[in-house]
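Reader: I've got a structure open and would like to talk it through with you. Shall we take it a piece at a time?

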Amino acid sequence: MRNLYSLFFTALLSCISIAANAINITVNVDDPSRVSVTTSYSSTPLELVAGDNAVSVDEYTQIYVRAKENVFINEVVRSKDGEDDKKQDQYSMTEVYFYVYSTDEGAKYTVSSANADDLRDGSCTIWVDDPTNVRVQRSGTYTDVDIVAGETTVKYIKDKELPLMIGAKNYGTELYQVKVNDEVVSPQGNMWYVTPADGAKVEIFANFPDEDVAVEFKYASEEAKGFITGVTVNGETVENYNDADFKVKVGSQISISGNITDYKLNSFKVNGNEPYFYSPYSFTVKEATIIEVDAHKYGTVKATLDIDNPDNVVVYKGYSYENNIITLNPGENEIELSETNALIQIKAVSGSYITSVTADEMSISADYESKYNVNVTEGMKIVVKSGTIDRNKTAVIYIDDLSKAPYGNSLNRADNSNIDLVNGYNEIKFYDGDNPFRLSFYGVESATAYKNNETFSGVYGGASYELSLTDGDVIKIFLASNPEMLEAELTAGDGVDASKVAVTMDRIVTVTDWAGKHNTLPGTEISIKPAEDYDICVAVDGENVTADADGAFTVIVSKNTTIAVSLPVETGINAVDAEKLDNAGVYNMQGVRVGNADMKQLPAGVYIINGKKVVKR
């Protein structure tokens, strides 16, 4: 029972909510007998009177104003106090529709209509021999014209309903001929588009005359005759189509079949027009007809392919997915292809690149898959120059938080090959031919980009970048923040030999005069590594840091930071007689025995063995 009350209460609230959102408008019509008005929530027309009609609808309701038969809508105009009148968009003369929003409360929509014939300011006479297979339609309003056998007076709006469109009413049939003022009009396909002047006479001949006309086949060569494999007239096979006296009745359907497998069709014309030939090709004979055929049997195409290093490329006959590979030698190669498919595709193998492809000295560009497509012709010379990729240059791309790009990311070389990215540092090996790189982040709210600590913008100001990298470049992309430049100060303590300390920033940037202040961005990695057998201590903002297994001290900058490099302070060992220490033992710098001569279990550090300092890294 409680559920029943709950449902009733929910339904009641829904009704109250709908009523609360109702929008009150006025629809003014000049003549309710000429139009109907419906809403998107009901197919039943509203009851209208001449003049104002109060209408209450929900927000976002669509209002349809439709003209009745032989009526046009001149316009629908919205008006509201304090606002300029606005004519509603009208895509045809028979229907206008618009949406009602909360801002339309109190608006009036004035509908102006008229009988179609009252607007039509031009007319012509249409004569038809057989109206059962003829359709005449006015363009613009797309209204059909009622025609009868003999003459019909047809009205139209000169600037909106012309040209008249004339065609066969029944599918699969054609009309014979159309004339305007005794002049034959050429069809466009199976349709005629005529623009008669006021008072003109249009004649439509649906039925074909009962007469025979000549149909002549002309061939460019004896070989071309072999292209035609069969001819039918109204579905019946004929054998005498090449005879000089071959005739058919006007209105006959001729179908011509051709051997498109073994023959190359150079041209096919019907009374001088060159239609697209597909086998069989069919048309209706309306007059004496000449069919011209130029064809020859497919042969082969021979060409020369000159390549500097065939190990760098693969060349396919046809498309690469067919995997028909041409075996090549360095220098000139004679290649032979079928005329049916004289295409070759050229692409670089992994680890190589193509410098250029020319065909008869004309440059060929690569497609979006970095493949070169060449349509080979007889005697063509194709030259391919290539090289082996040596990605001996290095850049890094640092990204703070890839999760801020919810729809993914991409880094592509110029050849569209992809490089996967991770958070933090990404080491990119490249050569000049990989430029420009395209780096994109999808769905990000904001992005800040730096190249070698200088800001740069993305394409169109977004989070997509075109990068032309040079050796040692550092790219940093911040998706989670808009950081400010920080300062990292490195100091060298008394006695420190700076030449024996290597400082690297961002993993690939060697800092020579490292003692001093350096501009850095948050997340910058600074590596400090002493030369072998040279001991140092490193403190960050007064706190000592420990070297890693390779003996390098790594600092990640997150704020203004001071990094102090100093020499170790020997305490304890000065007071210990190293020669008296057990030679089999291992001692720390304070003279405390910490293990045996096997140092595997000891952490990195400086120890005394046999009276000598030993550094474990």
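Reader: Where is Pro280 found?
Author: Bear in mind that this is a predicted model. Ser279 and Pro280 are joined by a cis peptide bond, with omega at about 0°. As for its place, Pro280 sits in the loop between strand 23 (263–270) and strand 24 (281–284).

Reader: What about Ser370: is its phi positive or negative?
Author: Most residues other than glycine have a negative phi. Ser370 lies in the loop between strand 31 (362–363) and strand 32 (372–375), and it counts as partly exposed at 22% relative accessibility. It isn't a glycine, yet its phi is about 65°, which is positive.

Reader: Let's go to strand 34. Is Ile399 buried or exposed?
Author: Ile399 is found in strand 34, which spans residues 393–399. Beyond its neighbours within four places in sequence, it contacts Leu421, Val422, Asn423, Gly424, Asn426, Phe441, Ile477 and Leu479. Since its relative accessible area is 0%, Ile399 is buried.

Reader: How many Å apart in space are Ile399 and Leu421?
Author: Leu421 is among the contacts of Ile399. The two are 22 residues apart in sequence. From C-alpha to C-alpha, the distance is 8.5 Å.

Reader: Which residues touch the most other members of the largest nonpolar core?
Author: That core has 28 residues. Strand 18 (212–219), strand 19 (228–233), strand 22 (253–258), strand 23, strand 24 and strand 25 (289–297) each give it two or more, and the largest share, four residues, comes from strand 18. The members that touch the most others are Ile254 and Ile256.

Reader: What is Ile254 in contact with, leaving aside its neighbours within four places in sequence?
Author: The list includes Val215, Val231, Thr232, Val233 and Val248.

Reader: How many residues are in the second core?
Author: This core is separate, and Val301, Ile344, Ala359 and Val376 are among its members. Its count is 22 residues.

Reader: On to the surface: which residues form the nonpolar patch with about 340 Å² of accessible area?
Author: One member, Tyr101, is in the loop between strand 7 (95–99) and strand 8 (108–115). Tyr101 is partly exposed, with a relative accessible area of 38%. The patch is formed by Tyr60, Tyr99 and Tyr101.

Reader: Last one: how many disulfides turn up in a search of the whole structure?
Author: There are cysteines to look at: Cys124 is buried at 2% relative accessibility, whereas Cys537 is partly exposed at 29%. For disulfides, the search of the whole structure gives zero.

How values were computed:
Residues numbered from 1 in each chain as written. Predicted model: local features only at pLDDT ≥ 70, side-chain atom pairs only at ≥ 80, totals over all residues. Heavy atoms only, no water. Buried < 20%, exposed > 50% of the residue type's maximum accessible area, 1.4 Å probe, protein only. Contact = heavy atoms within 4.5 Å. Patch = residues over 30% accessible without salt bridge, like charges linked within 9 Å, V, L, I, M, F, W, Y side chains within 5 Å. Areas by Shrake-Rupley, 256 points an atom, 1.4 Å probe, with all protein chains shown as cover. Salt bridge = Lys/Arg side-chain N within 4 Å of Asp/Glu carboxyl O. Disulfide = S-S within 2.5 Å. Core = buried A, V, L, I, M, F, W, Y, C linked by side-chain atoms within 4.5 Å.
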